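Colleague: I would like to learn how to read a model with two chains. Could you take me through it one feature at a time?

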Number of protein chains: 2
Amino acid sequence: MKTAMQNQTVTAAARQAKAASGVLARLTTDEKNHALRRIAQGLREHAEEILAANKKDVEAAQPLVEAGELAEPLLRRLKLDEAKFADILAGLEQVAALEDPVGKITLATELDDGLQLFRVNCPLGVVGVIFESRPEALVQIATLCLKSGNSVLLKGGREAEHSNRALFNVIQTAAVEAGVPAAAFALLESREDVNALLTAEGLVDLIIPRGSNALVRFVQQNTNIPVLGHAEGLCHIYVDRAADLHKALAITVDAKISYPAACNAVETLLVSREVAQEFLPMVLDALREANVEVRCDESSIKELQLEGVKTATEEDWRTEYSDLILSIKVVASLDEAIAHINEYGSHHTEAMITEDRAAFDKFFAEVNSAGVYLNASPRFADGFRYGFGAEVGISTGTLHPRGPVGLEGLVTYKYKLVGEGQTVARYTGKAAKPFTHKTLL
Amino acid sequence: MKTAMQNQTVTAAARQAKAASGVLARLTTDEKNHALRRIAQGLREHAEEILAANKKDVEAAQPLVEAGELAEPLLRRLKLDEAKFADILAGLEQVAALEDPVGKITLATELDDGLQLFRVNCPLGVVGVIFESRPEALVQIATLCLKSGNSVLLKGGREAEHSNRALFNVIQTAAVEAGVPAAAFALLESREDVNALLTAEGLVDLIIPRGSNALVRFVQQNTNIPVLGHAEGLCHIYVDRAADLHKALAITVDAKISYPAACNAVETLLVSREVAQEFLPMVLDALREANVEVRCDESSIKELQLEGVKTATEEDWRTEYSDLILSIKVVASLDEAIAHINEYGSHHTEAMITEDRAAFDKFFAEVNSAGVYLNASPRFADGFRYGFGAEVGISTGTLHPRGPVGLEGLVTYKYKLVGEGQTVARYTGKAAKPFTHKTLL
């Protein structure tokens, strides 16, 4: 098996990946699925080798964890076992089963007799992925890129070096055997490669950072290439004066405790002053029972004589705890709730609990987030739960792709105009032929 | 009437524009169209004032043109007359007639009984526009932003200072009378304002530069905010070995001479070696007749004994002439044509002339441009010709919005999840309730 990057520069790899993307763009769905099955077979055949490589990484990481230089959860994420390996193979089956996003026509217009315009989904070209620890991320992203017809440049964390190289070699070899160009995959291994990747404008079409908030923020601030991802998930629940407080209670507890480290967990609870006196004791009891630390705005603690509650500072409104901590603020109005969310939030997902549909309509229109929910937990913000089959990431930018992103985040579109020799002159000036602009879809 | 920015900082204006965008997002189509008609009425009523202000700008520019400090065409673009004024008013009618892009539902999925997911088009928030000379651009962009529910920060050229201020004041006053917040519009007037605009991340959601290639390139290189536009239009026509040469001839002439300064005009003609001997004399004759200067690759000049043709250099393949000049290269294969376009093109629009549909399918898949045409002039790349009603710009980036962009370039989407109190815990773990994922659209 070849080793990955060696002396090749990232730019050269990106250039070759770009050239290979032309071939990838023309692969049929069957050809791509065949390659995915070939990869699954390769992984099955080389399972021992891969697990052995992973063991090396884990053994090298162990003393770092003991010395406090590496976080314990990182080690858990790094470690591949039989169960995770089975999940990887199951994931491959799922990717093969997904609808091919390439070739879908999203607009068809007759401009005139014999002159037809189509907007056709096509691959982006080259995707650069930077990920930390989890070796299964390499497989998932590489195969999603293959399914969507994109070349991929993969940069994994150094702590997963052996695992990544083993997985990469199996994937590339199997794909090549199935007729995919080798240059469709490249593994970047040094820190300097990241900078080269971030500046490869014109060669790399999308960067996907998967890892810590700090990693995502670094990537976002250091590239002009579009970035798919989110640095933070600072989600809110707003309990309106017209809320069903039982729904509010169940959703708040769910959104905080079902997976506190998730980006779609709630971090700040906003409560209408009109229901605070009734709702806060309820929710504080339930949160206390679930071992959630609560931090509340100072005036409400006094006014409502709340006990065992810490005082929230300005800093709390800006903090994604990713932990069993929740900040609570009592607000005077729907407008104050909206203003707070737009000011302090991360534009990820917010939920309003209310039975007043008109109030929610205002909330929906004015809250500037990728997801704005009525009477549902913000934790539903997820590609699988949305029915997308796979999740490439969750994006908190304003433009497309926004929110949970499935395979369609890895494609763009081209306009195809099919004519019979038409010139523009014929449709211009005084004797201009009119366009028909008839919708064909 | 108030004057525009005065001592207000751009950041403050952007912040107020952002706050106003919440109100704009909730305006109904009727309310927005009413405001557009009110603006048209205002412009009609203040026509004299506006033309007088424009006269001041033209008079100030005149000596600069005579001194060679300002280009003549700029002066022509600057000058407003009765005809252009009538066009402005007609344009306003058209914007009012356009379909409202806000509120359109592009995805609807039942996740479970009583839990429905919708993807709903919504305004971006705040759009920043930097434009040169043409005062009518101010009206067009301001009204397209209003129609799409966006606040807009407008930065015009200094040479159109009086015209822009007069137009802006009428628009803002009329819109306010129609119930639109004043802060939905801001006029930026100093050079420093541009830098403030480009760094207003989080407050400004999209920048649209309208003007020279140099302006667009400057904007693209100096902001992390998404930019809608194109620095260059370096379009190609490829005449395949299976081309109908009469179609090839008509399209080449059309694409070069119908409007040489347009971004969708052809700059480089690629000709298959197999038809060069027959086609080149034909096309050279026609181009000569149309006063087009031709520059051809050196070996073809010799081989085909072409007379009166300049030699093209490497620089020519990278040049958008925007003039009656065309570079020609003879290529050995379809692959060479594709490689040339992807290497030297600007990803705008390319046309292949062929009767071989399979060859075009390859061309379409592998050419990395917003428009890839079969047997049609690249000059069809235009929002109006595509049937979009209005054109915000033409984008040569890889991601959405790509190609000619209509009003949908000024909206994004949010996910709306409507539940009845559902928690994620209910859909997780061993006793997980399955999702129905039923398509509702």
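Modeller: Gladly, and let's start with the interface. Of the interface residues of chain B, 100% are also interface residues in chain A, so the copies meet through the same surface. Bear in mind that this is a predicted model.

Colleague: How many residues of chain B are in contact with chain A, and which element gives the most?

Modeller: On chain B, 58 residues are in contact with 59 residues of chain A. Elements that each supply at least two residues to this side of chain B include α1 (10–25), β1 (105–112), α10 (245–257) and α15 (357–366). The most comes from β16(B), with 11 residues. By type, the residues of this side are 26 nonpolar, 19 polar and 13 charged.

Colleague: Now the strands. In which sense do β13 of chain A and β16(B) pair?

Modeller: Strands of a sheet pair through backbone hydrogen bonds, either parallel or antiparallel. Strand β13 (residues 371–376) of chain A pairs with β16(B) in the parallel sense, over 5 bridges. To find the spot, look at Tyr373(A), which stands opposite Leu417(B).

Colleague: What is the strand order in the open sheet of 11 strands?

Modeller: The order is β17(A)-β1(A)-β2(A)-β16(A)-β13(B)-β12(B)-β7(B)-β8(B)-β11(B)-β9(B)-β10(B), and the pairing is mixed. At the edges stand β17 (438–439) of chain A and β10 (310–311) of chain B, each with a single partner strand, so one side of each is left without a neighbour in the sheet. Within chain B, strands β7 (residues 235–239) and β12 (residues 349–353) run parallel and are joined by 4 bridges. There, Ile237(B) has Ala351(B) as its bridge partner.

Colleague: And a helix? Which residues of α3(B) are buried, and what do they pack against?

Modeller: Helix α3 (residues 47–66) of chain B has 20 residues and reaches 28 Å from its first C-alpha to its last, close to the 28 Å expected. Ile50(B), Ala53(B), Asn54(B) and Asp57(B) are buried. The buried residues of α3(B) pack against α2 (29–45), α4 (72–78), α6 (135–147) and α7 (161–177) of chain B. After the helix comes Gly68(B), with a positive phi near 80°.

How values were computed. Residues numbered from 1 in each chain as written. Chains lettered and ligands numbered in written order. Predicted model: local features only at pLDDT ≥ 70, side-chain atom pairs only at ≥ 80, totals over all residues. Contact = placed C-beta atoms within 7 Å. Nonpolar A, V, L, I, M, F, W, Y, C, P; charged D, E, K, R; others polar. Pairing = 2+ DSSP bridges. Expected span 1.5 Å × (residues − 1). Buried ≥ 20, exposed ≤ 12 C-beta atoms within 10 Å, placed from the backbone.
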